[in-house]
Amino acid sequence: MKFGFAVRLALRESRHGFRRVGVYMASITLGVAALVSIHSFRDDVARSVREEAEVLMGANARLSANRPLPDSISGWVDSLAAAGAGVARVVTATSMVLAPSSGDVRLLQVRGVDGAYPFYGEVDTRPAGAWLQGIPPGVAFVDPAVLTQLRVSVGDTLVVGRVRVPIAATVDDLPTDLAFQTAVGPRVHLSQRTLDESSLLGFGSLARYETFLRLPDRAERDAVRERYEEVLDATQVRYTLAEEQAQSLSNGVRFLGEFLALVGLGALLLGGIGVASAIHVYIRERQPGVAVLRCLGAGQWTVFTAYLLQAAALGLFGAGAGVLLGIGVQRILPFVLAGVLPVDVTPRFSWTSAAAGLGIGVWVAVMFALTPLLALRDVPPLQALRQDFGEPPRRWRLDRVASYAALGISVVVLCLLEAPEPEVGAAFAAALGVTVALLGATGWALTRLTRRFFPKRASYPVRQGVSNLFRPRNQTVSVTLALGFGAFIVGTVVLVEGNLLDDLTVSFDGGRPNVLLFDVQPDQRDGVLGLIPPAYRDAAQVAPLVPSRLARINGRTGEELRADTSGVERPEGWALRREYRNTYRAEIGPAEELVSGRWWDGTPGSEDGTRVDTGDLPGVSMELDIAEDLRVGLGDTLVWSVGGVEVTTVVTSLRRVDWNRLEPNFFAVLEPGALEGAPHTLIMVARLPGADERAEFQRALVGAYPNVSALDFSRVQEAIDAVLSRVRQAVTFLGAFSTLAGIVVLIGALASSRAQRMREGALLKTLGARRNQILVVLFSEYLALGTLATATGLALAWGASALLVSQVFEIGFSTHFAPLAAIWTAVAALTVIVGLAGSRTLLARPPLEVLRDAPE
Amino acid sequence: MIVARGLEKTYMSGGRPLTVLRALDLEVEARSFLAIVGPSGSGKTTLLGLLAGLDQPSAGQVLLDGQDLSALTEDQRAGFRAERVGFVFQTFHLLPTLTALENVLVPLELQGGAGRDVRERARDLLTRVGLGDRLDHYPVQLSGGEQQRVALARAFANRPRILFADEPTGNLDGETGATIVAMLEELNREAQTTLIMVTHDLTLAERAHRVVRLSGGTVVDDRPGRGVPDAHVGEETAASAPGPSGEMR
């Protein structure tokens with residue numbers, strides 16, 4: 001092989017006709033841009049989070065629990081404070097807040113904050129500087145959203161529990177806030193003392209107790225952990241360092257980043273298919289020249305190397321442009337993703353990301369070009385003498401097999417590199433392979449069917465347009481893949497989201513309860529019920545809530561069970577440690593189905609009616625999934641710790657619970673009598689159909705029983721809608737990206753079949769076709785192409801979402817035709833517009849010019 | 001009757017103007033057979049294209065049956081071709097995505113023709129050129145000679161008054177080429193079409209009624225060919241045509 005000659009040949013060849021293949025390189029460009037921007041952005045986020053770790057926590061370390069710190073711990077916290085460490089307490093509770101001026105009531109987060117918090121970072125308030133000395137007692141600082149939700153302004157009064165507090169300032173930016181936290185529920189900030197006076201924190205109230213520590217010395221922080229590890233564990237208090245929190249935050253973003261990177265990789269690989277297709281067409285055009293070179297004595301590998309170098313050079317250009325574009329996108333991403341980022345992200349150029357993008361881009365271009373380029377080796381020198389010499393036969397030689405293997409291995413390796421975990425990478429590679437294969441097969445089948453069954457009576461230009469999909473060297477399959485992939489992603493997102501929303505609507509409508517009350521004290525039961533309008537009072541359900549922990553299963557503690565090495569399946573740790581909110585009642589609930597065992601009244605389970613003899617112990621009915629996680633079944637003995645008192649129960653039945661329904665549902669339901677006398681609160685669900693009725697009820701409730709919280713599910717539904725729409729935005733962005741990559745492949749396909757198209761157009765004109773008739777031919781071709789590609793993607797999207805919705809989300813699936821039709825129309829329209837725009841010159845040039853220099 | 005007056009055509013080539021035809025005058029009688037010969041680059045194909053209205057001359061005019069082609073819009077010229085003009089090309093120019101039958105149907109369908117009689121005519125024509133059993137074959141499934149026969153059938157499909165042939169045998173071996181020419185002549189005689197053929201092949205050109213030689217973009221020789229100018233002679237024409245073409249049959 002003459003390498004020097006190959007290089008010179010590559011340089012000379014690249015002067016001509018490479019522009020068309022160049023368009024294809026744009027698909028490499030897009031993919032590389034995605035990878036570079038996402039990689040750089042991921043680095044940006046990780047760095048920003050790391051640099052801001054203390055500010056994000058507002059301290060160096062945090063103790064958190066869902067009850068006040070036990071004495072054993074508060075004792076040493078006090079001693080830390082005495083030794084000069086900064087200590088600040090923050091309690092966050094959920095409570096009804098009433099604005100007397102507007103009469104509005106909302107369930108809000110109420111926080112009691114100690115003076116010194118936060119130790120790091122500055123709180124932006126309006127008026128400015130209000131937080132500098134902490135929050136003064138007797139006033140409230142609120143998130144701006146509180147003002148709009150309660151229709152109040154600074155200076156108005158809020159009723160929080162038993163206190164009335166004027167709003168002194170708004171908190172515009174708390175540096176410890178993660179962007180998405182405030183979206184969950186706006187907050188009212190009070191001083192610790194005012195929160196105490198509100199007496200919101202009664203028994204059983206849901207609240208979060210945090211103690212923030214300023215311990216700038218890392219050794220000191222670690223020493224605390226070492227010394228108190230056992231106490232912390234035993235009391236279920238979490239000790240988190242600022243850097244750990246930062247790490248877990250950036251892990252979350254990292255995961256998102258890796259997910260995005262995989263989609264970028266998908267776009268890049270689709271571009272690779274485009275490259276293969278372009279190279280295929282390009283070298284067919286080059287065959288006569290190659291035959292001449294071979295006649296003149298160039299070896300097979302010399303010619304092959306010359307063209308491989310060209311492909312690599314184009315890959316380099318395409319990837320280089322991608323790196324530049326990616327750096328641009330990197331600067332845009334912080335704005336696009338502002339809603340889900342924990343910190344303000346400052347973009348910084350990342351050499352490693354740029355280099356990786358460049359390398360991956362060139363590699364993908366070369367790998368996908370390899371197989372079609374190998375065909376060059378089969379061009380016989382004789383073809384220079386006889387043009388009608390047939391296509392060289394394609395044989396399965398070792399080099400061809402090797403090139404396919406190299407391509408496959410490259411794809412898998414790239415997926416593994418980009419994915420957060422090897423399993424995810426392998427799964428992604430497999431999913432990509434299956435999707436591409438299915439898209440290809442569906443596209444192939446649809447086009448065949450179209451050709452077979454397209455009405456013979458359709459007018460000639462329409463039939464000609466459709467049959468153009470099958471012209472020799474057509475790129476119908478690669479365009480179908482590229483466009484179809486975009487339609488697939490967008491279609492799946494739309495269908496899954498539509499079904500989730502359907503399910504929400506079903507859950508909250510149609511006579512189901514829509515208001516949930518919790519923290520109702522037993523003596524408030526009748527009073528609260530009395531506030532419900534009489535028409536709906538009887539339908540309200542009341543259930544006692546008894547906070548309990550599992551002490552032992554069949555006589556063994558959680559630690560013993562977890563330490564069991566005898567080979568039996570061990571229960572899940574979280575299920576052993578969690579706090580259970582159990583209840584007792586006589587009837588089986590409306591959202592429950594008894595599966596095995598028997599209910600207290602003897603009703604048998606649907607699958608197994610075994611009766612368990614409990615002796616004189618009370619029975620307990622467990623939910624199926626939790627029973628599985630605890631590895632318990634009928635007849636097992638569970639000992640619950642209820643406020644320090646042990647209650648022994650025997651599992652007498654297992655229930656299936658429909659958690660999607662707003663009913664008072666529980667993991668464990670005890671036999672009536674077992675828990676009576678134990679400290680408990682009540683939860684209630686009721687249905688108040690009118691929004692006015694709900695508002696009126698909540699106002700009355702907050703006035704009479706400020707400790708009771710009411711959750712209005714129409715608000716929850718709004719919140720879920722909002723979250724879903726954010727997710728949809730992010731994924732649609734990716735889908736749009738894939739569609740864009742598809743359009744680039746389409747443009748490339750049009751460019752590389754341009755000569756042929758010109759020739760056909762000129763021929764038709766010569767035979768007497770009018771401009772309009774040729775327009776109809778082109779229009780039909782692009783419409784058919786866009787329609788088939790989208791149909792392919794949407795058919796697959798339908799299958800995938802039906803599977804996702806029924807298997808992953810476990811809800812009923814229904815097809816939403818309107819959005820599918822919209823996607824279909826949009827992609828088909830885009831295809832037609834791009835196609836017709838690319839064919840303008842075809843209509844403008846006189847036919848003679850084309851026919852004169854048209855090579856067959 | 002075709003009349004070309006003061007015909008000029010200048011292309012831009014490599015950034016410089018290149019005059020392919022200059023001040024060319026030509027009249028072609030209806031139902032006659034004209035061969036245009038000349039060396040490469042003498043303007044033969046350009047002249048053919050201008051006569052067929054496939055491009056606009058830089059100067060001068062072309063009258064087809066008294067109609068000034070340059071006075072027509074591109075669409076009107078296309079309509080004119082669809083009704084009255086047939087084409088045969090050196091490189092066949094069949095539409096690769098259509099079967100033989102569908103290719104022959106194209107000129108008819110472009111005029112809005114459809115239905116049984118149109119298909120019948122296309123089938124007849126293909127049978128005439130000996131492809132009655134290959135109606136549903138695609139161009140790639142046909143040999144060069146067969147493809148050119150499909151092109152012949154297509155050229156006559158719309159019963160043209162004028163047929164333009166550009167090197168119709170240029171891509172075929174001698175024997176196949178001779179068959180094609182014989183068919184061309186026969187169909188032409190029956191349909192009473194004016195035939196204008198561009199060719200390199202002097203033997204082929206001699207079969208025309210009249211041979212025009214181009215050089216440097218203008219007519220340098222214009223003389224009768226050995227073909228018989230009387231179209232009514234029928235059978236004898238081909239049989240009495242002397243020269244190697246007779247031997248080739």
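What is the handedness of the crossing of H12(A) and H13(A)? The crossing of these two helices is right-handed, where right-handed means that the near helix is turned clockwise from the far one by less than a right angle, and left-handed that it is turned anticlockwise. The model is predicted, so that local features need pLDDT of at least 70 and side-chain atom pairs count only at pLDDT 80 or more, while totals for chains, interfaces and linings use all residues. Residues are numbered from 1 along each chain as its sequence is written, and chains are lettered from A and ligands numbered from 1 in the order in which they are written.

Chain A holds 27 helices and 21 strands; helices (H or I, at least four residues) and strands (E, at least two) are DSSP runs, numbered from the N terminus. Of its 856 residues, 43% are buried. A residue is termed buried if 20 or more other C-beta atoms lie within 10 Å of its own, exposed if 12 or fewer do, and partly exposed in between, with C-beta atoms placed from the backbone. Among contacts in chain A between residues at least 6 apart in sequence, 85% link residues at least 24 apart, a contact being two residues whose C-beta atoms, placed from the backbone, lie within 7 Å.

Helix H12 of chain A spans residues 398–418 and helix H13 of chain A residues 422–453; they pack at an angle of about 140° with their axes 7 Å apart. Axes here are lines fitted to C-alpha atoms, for helices over the stretch in contact, and angles run from 0 to 180 degrees between N-to-C directions. H12(A) and H13(A) are therefore oblique to each other, since angles under 35 degrees count as roughly parallel, over 145 as roughly antiparallel, 65 to 115 as roughly perpendicular and the rest as oblique. On the H12(A) side, A:Val411, A:Val412, A:Cys415, A:Leu416 and A:Glu418 meet A:Pro422, A:Gly425, A:Ala426, A:Phe428 and A:Ala429 of H13(A). Sorted by class, this contact has eight nonpolar, one polar and one charged residues. Ala, Val, Leu, Ile, Met, Phe, Trp, Tyr, Cys and Pro count as nonpolar, Asp, Glu, Lys and Arg as charged, and the others, Gly among them, as polar.

Strand pairing in chain A comes next. Strands S1 (residues 61–65) and S9 (residues 207–214) of chain A run antiparallel and are joined by five bridges, with two strands said to pair if DSSP finds at least two bridges between them. Within this pair, A:Ala65 has A:Tyr209 as its bridge partner in S9(A). S1(A) also pairs in the antiparallel sense with strand S10 (residues 238–241) of chain A, over four bridges, and A:Ser64 is there partnered by A:Arg238. Further along, strand S11 (residues 515–520) of chain A has five of its six residues buried, so this strand is largely enclosed by the rest of the structure. S11(A) pairs in the antiparallel sense with strand S20 (residues 681–686) of chain A over four bridges, and runs antiparallel to strand S21 (residues 709–712) of chain A, again with four bridges. A:Val515 has the bridge partner A:Ala686 in S20(A) and A:Asp712 in S21(A).

Chain B has nine helices and ten strands, and 45% of its 249 residues count as buried. Six of the strands form an open sheet of mixed pairing in the order S6-S7-S8-S3-S9-S10. Its edge strands are S6 (85–88) and S10 (218–224) of chain B, each pairing on one side only. Strand S9 (residues 210–215) of chain B pairs with S10(B) in the antiparallel sense over six bridges, and B:Arg213 has B:Asp221 as its bridge partner in S10(B). H5(B) packs on the sheet, touching S6 and strand S7 (162–166) of chain B, and its direction makes about 170° with that of S6(B).

The axes of helices H3 (residues 100–110) and H5 (residues 144–157) of chain B come within 8 Å and cross at roughly 25°. That makes H3(B) roughly parallel to H5(B).

Finally, the two chains meet: 23 residues of chain A are in contact with 24 residues of chain B. Helices H14 (460–467), H23 (754–766), H24 (771–808) and H27 (847–852) of chain A each supply at least two residues of the side that touches chain B.
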